[in-house]
Amino acid sequence: MTNPAAPPLIQPQEQVVLYDGTCKLCNGWVNFLLRYDRYRTVRLAAVQSEQGKALLRWAGLPEDKISTIVLIAHGQVYLRAEAIFRVMGGLPWPWHLLAALRFLPPALSNRCYDLIARNRYRLFGRYDGVRAVAADHPQRFLDQQ
């Protein structure tokens, strides 16, 4: 998915992962990235934050009913399994090897992704509000600039 205008709030070379701040699985993904993204290749924003909503609007995605991880990278929008695989490609050994899963048929990888996403609250739980996650550096989260 491509938007001709540059995304707001981020520099052209930056990548941002938008995630559900109330989802325990999504927060686990954020904690994973904070731990293993040593080169700080992605920035983060909860879809419930003003910054997350602005990026969702830019991407042409609904602000109120988003049920997927969104990656905005170099003016492109990636959703679902493709977003996960692209982020994994920027991580150090051994995690970047998982990016090879990007070559699976999208119908298969997205079906698996959708099954987990549809049941994430039931399987992993949900926070009452957006969970505050401690950043590994001051600019990691868009709302903490």
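Me: Contact means heavy atoms within 4.5 Å. Which residues is aspartate 20 in contact with, leaving aside its neighbours within four places in sequence?

Reply: Cys26, Asn27, Val47, Gln48, Arg120 and Tyr121. Before we go on, note that this is a predicted model, in which local features need pLDDT of at least 70, side-chain atom pairs count only at pLDDT 80 or more, and totals for chains, interfaces and linings use all residues. Residues are numbered from 1 along each chain as its sequence is written, and side-chain values use heavy atoms, with hydrogens and water left out.

Me: Where does aspartate 20 lie, and is aspartate 20 buried or exposed?

Reply: Aspartate 20 lies in the loop between S1 and H1. Helices (H or I, at least four residues) and strands (E, at least two) are DSSP runs, numbered from the N terminus. Buried means under 20% relative accessible area, exposed over 50%, partly exposed in between (1.4 Å probe, protein chains only). Aspartate 20 has 7%, so it is buried.

Me: Which side chains make polar contacts with the side chain of aspartate 20?

Reply: A polar contact is an N or O pair within 3.5 Å; within protein, one atom must be able to donate a hydrogen and the other to accept it, and residues adjacent in sequence count only if both atoms are side-chain atoms. The side chain of arginine 120 is one partner, at 3.0 Å. The side chain of tyrosine 121 is another, at 2.3 Å.

Me: Now the sheet. In what order do the strands come?

Reply: Strands pair if DSSP finds at least two bridges between them. Here 4 strands form an open sheet, ordered S2-S1-S3-S4, with mixed pairing. S2 (43–46) and S4 (76–79) are at the edges with a single partner strand each, so one side of each has no neighbour in the sheet. Neighbouring strands are turned by 20 degrees against each other on average, direction ignored.

Me: In which sense do S1 and S3 pair?

Reply: Antiparallel: S1 (residues 15–19) and S3 (residues 70–73) share 4 bridges. Leucine 18 stands opposite valine 70 in S3.

Me: Which strands do H1 and H3 lie across?

Reply: Axes are lines fitted to C-alpha atoms, for helices over the stretch in contact; angles run from 0 to 180 degrees between N-to-C directions. H1 (residues 24–36) lies across S1 and S2, at about 150 degrees to S1.

Me: Which residues of H3 are buried, and what covers them?

Reply: Ala81, Ala83, Ile84, Phe85, Val87 and Met88 are buried in H3. Their cover includes S1, H1, S3, S4 and helix H4 (106–124).
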